[in-house]
Amino acid sequence: MNHTIYVQAKDCPAGLERLLRVVRYRGFSIKSLNMLPSQKAGHLDITATVDGSRPIDLLLNPLMKLYEVAAVERVGQPAVQVSGYSTHTA
């Protein structure tokens, strides 16, 4: 089942690698990935479509624990604030 997720993360050298590793470890595959500089200085807006047969919460919860991640949301669902950062506004 395909899921689209939004992640706001700090722009750091290994941040994207860690995010992709969590996706793979949790049994999901990336179907599309879009990464742009965020309006918040020093951050990235990452939108990914992932595919997997497991519940999406098995991916979202570990993503929220990554040091670089400021916000995580399943597109179409409420945003989850992480580490006191403000969440994405559309």
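This report describes the confidence, nonpolar core and surface of a predicted model.

## Model confidence

Over the protein chain, pLDDT averages 87, and 84% of the residues score at least 70. Residues 84-90 stay under 50 in pLDDT, and for this segment the model has 15 contacts beyond four places in sequence.

## The largest nonpolar core

The largest nonpolar core holds 18 residues, of which Ile5, Val7, Leu19, Val50, Ile56, Leu59 and Leu63 touch the most other members. Two or more residues come from each of strand E1 (2-10), helix H1 (15-25), strand E3 (43-51), helix H2 (57-64) and strand E4 (69-74). The most is given by E3, with 4 residues.

Leucine 19 illustrates how this core is connected across the sequence. Once neighbours within four places in sequence are set aside, its contacts are Val7, Ile46, Leu63 and Leu66. Val7 and Leu63 also belong, with Leu19, to the core residues that touch the most other members.

## Burial of helix H2

Within H2, the residues Leu59, Leu60, Pro62 and Leu63 are buried. The cover over the buried residues of this helix includes E1, H1, E3 and E4.

## A nonpolar surface patch

Leu20, Ile30 and Leu33 form a nonpolar patch on the surface, and their accessible area together is about 200 Å². Leucine 33 is located in strand E2, which spans residues 29-37. Leucine 33 counts as partly exposed because its relative accessibility is 40%, a value between the limits of 20% for buried and 50% for exposed.

Notes: Residues numbered from 1 in each chain as written. Predicted model: local features only at pLDDT ≥ 70, side-chain atom pairs only at ≥ 80, totals over all residues. Heavy atoms only, no water. Core = buried A, V, L, I, M, F, W, Y, C linked by side-chain atoms within 4.5 Å. Buried < 20%, exposed > 50% of the residue type's maximum accessible area, 1.4 Å probe, protein only. Contact = heavy atoms within 4.5 Å. pLDDT = per-residue confidence, 0-100. Patch = residues over 30% accessible without salt bridge, like charges linked within 9 Å, V, L, I, M, F, W, Y side chains within 5 Å. Areas by Shrake-Rupley, 256 points an atom, 1.4 Å probe, with all protein chains shown as cover. Salt bridge = Lys/Arg side-chain N within 4 Å of Asp/Glu carboxyl O.
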